[in-house]
Amino acid sequence: SQTIYRNDYTPPSYLVETVELGFDLDPARTIVANRMTMRRNPGSKRAGIELHGENIELVALRMNGKLLGKRDYRIDGRLLRIPNTPDDVTLEIETLTAPEKNTTLSGLYVSNGNFFTQCEAEGFRSITFFPDRPDVMAKFTVMLRADKEKYPVLLSNGNLVEEGELGDGRHFALWEDPFKKPSYLFALVAARLVCQEERFRLKDGRDALLQVWVEEGNLDKTDYAMQSLKNSIRWDEERFGLELDLDRFMIVAVGDFNMGAMENKGLNIFNTKFVLANPRVATDVDYAGIEAVVGHEYFHNWTGNRVTCRDWFQLSLKEGLTVFRDQEFSADMIGTDSGRAVTRIDQVRTLRQAQFPEDAGPMAHPVRPDSFVEINNFYTVTVYEKGAEVVRMIQTLVGREGFRKGMDLYFERHDGQAVTCDDFRAAMADANGRDLNQFERWYSQAGTPVVGAVGRYDAEAKTFDLTLSQSCPPTPGQTDKLPFHIPVAVGLLGADGNDMQLGQGGLKGATAVLELTEQSQTFSFTGVLEAPTPSMLRDFSAPVVLEYAYTDDELLHLFSHDSDPVNRWEAGQRLAMARLSRLAGALANGGKLDLDDTFIDAMRKILVDATLDPAFREQALLLPSETMIAEKMGVVNPQAIHAARQFVRACIGACLRAELTSQYHANLTPGQYSPDALSAGRRGLKNLALSYLAAAPDADGVNLAQAQFDGADNMTDRVAALVALIQARADAAPAALHDFYQDFKNEALVIDKWFSMQAAAPDTDVKAVRALMQHSAFNLKNPNRARSLVFSFCGGNPAQFHAIDGSGYAFWAEQVIALDAINPQVASRLARSMDRWRRYAPALQLNMKKALQQVASLKKLSNDVREVVSKALA
Ligand code: B3K
Ligand code: ZN
């Protein structure tokens, strides 16, 4: 395995103008014919043609009509080189593959008897020899031939040009994509599927054909994906003036898929999890996921496909920007300020739960990485979610209109090109006359910056001085960091809880965006009539850790009054975190447990405040997760953290019993299920109330959960009730699990939930997980199923995974190794569950290290897993 560096980028020696692909599809023996016209790249100094190829058998190679012999080319490793080639070349390449043997789910593979492809990042090279790099963009024509009975539907990118019979029971379809694209956006599907379709009027008056393709039994679960697709098209027209550029747009669902979905041009391929929904099988969270992912993939058509990445180090160019776009889409779909804030809070939670830990661990990397061994390891929360934060900060700095101007300029300059993160930043800077040079450090420096704040009120001068300072911890390969350009949105609250009007220069209105660019800077607010409570980093204006010595009184003030809902929530999280870490520390040292009334009263106030959106109240009452608490501890003791959090949950359940019960009943959603944000918010608050009630020592909550489980008419309520029973270790839980299985055994996505609820149960230890793996419905080869049980245990049940005897780690090693032989991309994700091993108590560390070493010592290991474990051990 070899490290690849961003600075080693060189342009391709040849460009590809056109590609004609012919597929004779057969699970055991698929023949791929590739005819491509190539032209020497004037921008390259290298002679000769270089093609990537992996796991394919070369049958024949012709150059300009002449068959090439063994001496005319070299295949070393994964590269095919033809030296001394003329400027214009037509290559004809015939190769063979066996899709049914491909368990990696990258390239061409078979799922439930149907053919699918997944090419990003480098899967195309296992379909044919090709310069498989995103800066080679070509026009594709694709001929598919297959058995008509088994594969009645033949799809590829772009427009269907022709279809017909071939004799022998085979048929064909010819597809043409009018747009140049990199090979990673190629896709085909040959399958027995059915579709929901609709004609949809675009802004320019054209009618586009929209299709959602699924297996026959799932046709009752396509409405929401279709609706989300239409909403996405409309939204991109309105918010960014971007239209669908094809006459046809297809979404295809597949049950075996490595990640969420893939934005192949005109033919998006989706994990079933992000397509299929009806109230019986999908939860509110599933519905929201479908809307977000359908939007995300659709938005890629412009940010990713029309303008693509020069090389894979620029991945965040398309991913960070497209996540930002899908976040804005979801927020706009709710439409209210409070709904928007709830989506923002969810984003902050994801950052703290997953991205901050990544940024502080052995795999930390900049949003635009400098090197990698395996690119598939860099589809990370840093590239995606922190990348989206970086884009959001640009919008905060230039304003919403300025951001739109920057986007317009970006497309004006780069449509049809493969470009870099610097090009995006330059378009934003130039369109707005802003200097974003220092801002570049957000792309090049890893680690989560820490912003320290100190306030000083001068009662005589009526000024408030806020001194902000910044630092950033070292990360692998980067010891010293230069100051970032950080937008810090600040408001000042008076004793009455209202925002003060900020008087100074640019600091007008209730919220000022301070720009912290130095290591330390003091910002002065004048005309401040009383000592204020500062509300800083409003709307989470930068992905940083804010340190300020808040007193409980200040936090309570903000929790009750902050006009910025995100900071209002944040104040509650700070109050809770202080208690949770103190309790976890006390437990680790055998201390005694107590919880103050102040905290309970603050929770009560929010819980019963009917002027607040239920969805917001749910967020405000939800405690930081065990992972988030662990990140705040000096030495992580997972059992103590779990017990501390359980203790607080039980206290809330017992002390607020009356209020929780009345909110439970006040937020029922009778009538027909609807996944809209208001109804989902009510269910969310009601079900959080249920989970607290069930955590209390008396039986009432458990009885309520049982009743809800029995009477539920939608999956959100059914799962919430079942989780409450399981988490409370209720006697009724096993029977409920049994019934649940019987009712849904034919719904794969529901059975995933069935496994994951058990994986995360407080009593599920390694032995129990192993027993579940013996269940006839378990299958390690299916990524959703593997994630539902193995990943849910290793990542979602810390108190059991980190069992003192090291059994969790031994299990982890075993599963990483087993998965690696099947599917390295999935194995490598599981390998990441040990990232933070150095933070655990010494006895745990020892066993974690042993397990890591055991995996690392294997000779036969994928690059994917090797990179993760060796970085963890480094
Ligand atoms: N672009 C794909 C991710 C491909 C992952 C390859 N290992 C999905 C997305 O971000 O939309
Ligand atoms: Zn994406």
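Student: In the hairpin of strand 5 and strand 6, which residue takes a positive phi?
Tutor: Asn-64, with phi near 45 degrees. Two residues sit between the strands of that hairpin. Keep in mind that this is a predicted model.

Student: How many bridges join strand 5 to strand 6?
Tutor: Two, and the strands run antiparallel. Met-63 has Lys-66 in strand 6 as its bridge partner.

Student: And what about strand 5 with strand 9, how many bridges there?
Tutor: Six, again in the antiparallel sense, between residues 57-63 and residues 88-97. Within that pairing, Ala-60 is bridged to Glu-94 of strand 9.

Student: Switching to ligand 1. Which residues are the closest?
Tutor: Glu-120, Met-259, Met-262, Asn-376 and Tyr-379, out of 13 that surround ligand 1.

Student: What is the shell like by class?
Tutor: Five nonpolar residues, four polar and four charged. Strand 21 (261-262) and helix 2 (284-299) each contribute at least two residues to the shell.

Student: Now the largest nonpolar core. Which residues have the most contacts inside it?
Tutor: Val-252 and Leu-725, in a core of 255 residues. Helix 5, residues 381-414, gives the largest share of this core, with eleven residues.

Student: What is Leu-725 in contact with, leaving aside neighbours within four places in sequence?
Tutor: Val-702, Ala-705, Gln-706, Phe-709, Ala-730, Ala-732, Ala-733 and Ala-736.

Student: What does UniProt list for residues 552-874?
Tutor: An unreviewed entry there gives "domain: Peptidase M1 alanyl aminopeptidase C-terminal".

Methods: Residues numbered from 1 in each chain as written. Chains lettered and ligands numbered in written order. Predicted model: local features only at pLDDT ≥ 70, side-chain atom pairs only at ≥ 80, totals over all residues. Core = buried A, V, L, I, M, F, W, Y, C linked by C-beta atoms within 7 Å. Buried ≥ 20, exposed ≤ 12 C-beta atoms within 10 Å, placed from the backbone. Helix = DSSP H or I, 4+ residues; strand = E, 2+ residues; numbered from the N terminus. Contact = placed C-beta atoms within 7 Å. Near = placed C-beta within 6 Å. Nonpolar A, V, L, I, M, F, W, Y, C, P; charged D, E, K, R; others polar. UniProt positions renumbered as here; feature names shortened; annotations may be inferred. Pairing = 2+ DSSP bridges.
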